[in-house]
Amino acid sequence: LDPIIHGKFDCIICHGVLHHLENPQEGLSALKNVLKDDGFMSIMVYGKYGRTGIYQMQDLMRKINYNINNFPQKIHNFKTLYKNLPENNWFKKREHLIGDHKSSDEGIVDLILHHQDRAYNIKELYEWVNNSELNIIDFIENKSKYKYEIEGIEYSENIIDKYSINELFFGDIIKHTFYVSKNTNTKATIDNLDN
């Protein structure tokens, strides 16, 4: 992306793309390059712990499909395996969190057979965003889980530590959806019409 060719944007929405790139850091930096200084981005990338069973299934399918080069056969193999999964399989146990594999063959490819798939825990997410000189402003989905107060637990003052504890506590955050900005303070005041 070239700001001279494409211009700069007030708002960039990028959901479900960056975690599939060979280099997600370069992808995020490329988006930042065309973001206005007072603009923001809405981003969604995969959450590591909530997708636990998915990554085990991906590993299993790589082993089963190790010498197969066509997707119809890979999809067939998944469907055959899926029908025979025991109830104690992690993918089966956490199936209530995902449904792409039930919607279409494309959903199977995206969820299970994708060649590149990177997930982030909270600490990795903040490092990734900060490495592009951007700031996480707020989470869009699961906001109440990140900010939850576990009764009887004394949290660190560090927000990343708190969110990390809560991410592990709930264990079902399959994606992180959040706003980022070049600025750290993006709070608009109601009496300033320029905001």
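This is a predicted model: local features need pLDDT of at least 70, side-chain atom pairs count only at pLDDT 80 or more; totals for chains, interfaces and linings use all residues.

Residues are numbered from 1 along each chain as its sequence is written, and side-chain values use heavy atoms, with hydrogens and water left out.

Okay, the layout. We've got 10 helices and five strands; those are DSSP runs numbered from the N terminus, H or I of at least four residues for helices and E of at least two for strands. The C-alpha atoms fill a box of roughly 60 × 55 × 25 Å along the principal axes. Of the 195 residues, 41% count as buried, meaning under 20% relative accessible area with a 1.4 Å probe, protein chains only. Take the contacts (heavy atoms within 4.5 Å) between residues at least 6 apart in sequence: 71% of them join residues at least 24 apart.

Now the insides. What is the volume of the largest cavity? About 40 Å³, where a volume is the space filled by probe spheres set on grid points joined across faces, edges and corners. A cavity here is a set of points on a 1 Å grid over the protein atoms alone where a 1.4 Å probe fits but cannot get out; a pocket is an open set with protein on both sides within 12 Å along at least five of seven lines, and lining residues have an atom within 4 Å of a point. The structure holds one cavity of 30 Å³ or more. Helix α3 (residues 52-64) gives the most to the lining of the largest cavity, with three residues. Also on that lining are Phe91, Arg94 and Glu95, among others.

Then there's the second largest pocket, with about 170 Å³ of space. Its lining includes His20, Tyr46, Asp100 and Lys175, and β2 (35-47) and α7 (105-113) each supply at least two residues. Arg51, Leu97, Ile98 and Ile174 line this pocket, and those four names come up in the cavity lining too.

Last stop, Gly152, in the loop between α9 (143-146) and α10 (159-170). Why does Gly152 count as exposed? Because its relative accessibility is 78%, and exposed means over 50%. Gly39 sits 113 residues from Gly152 along the chain, with their C-alpha atoms separated by 39 Å.
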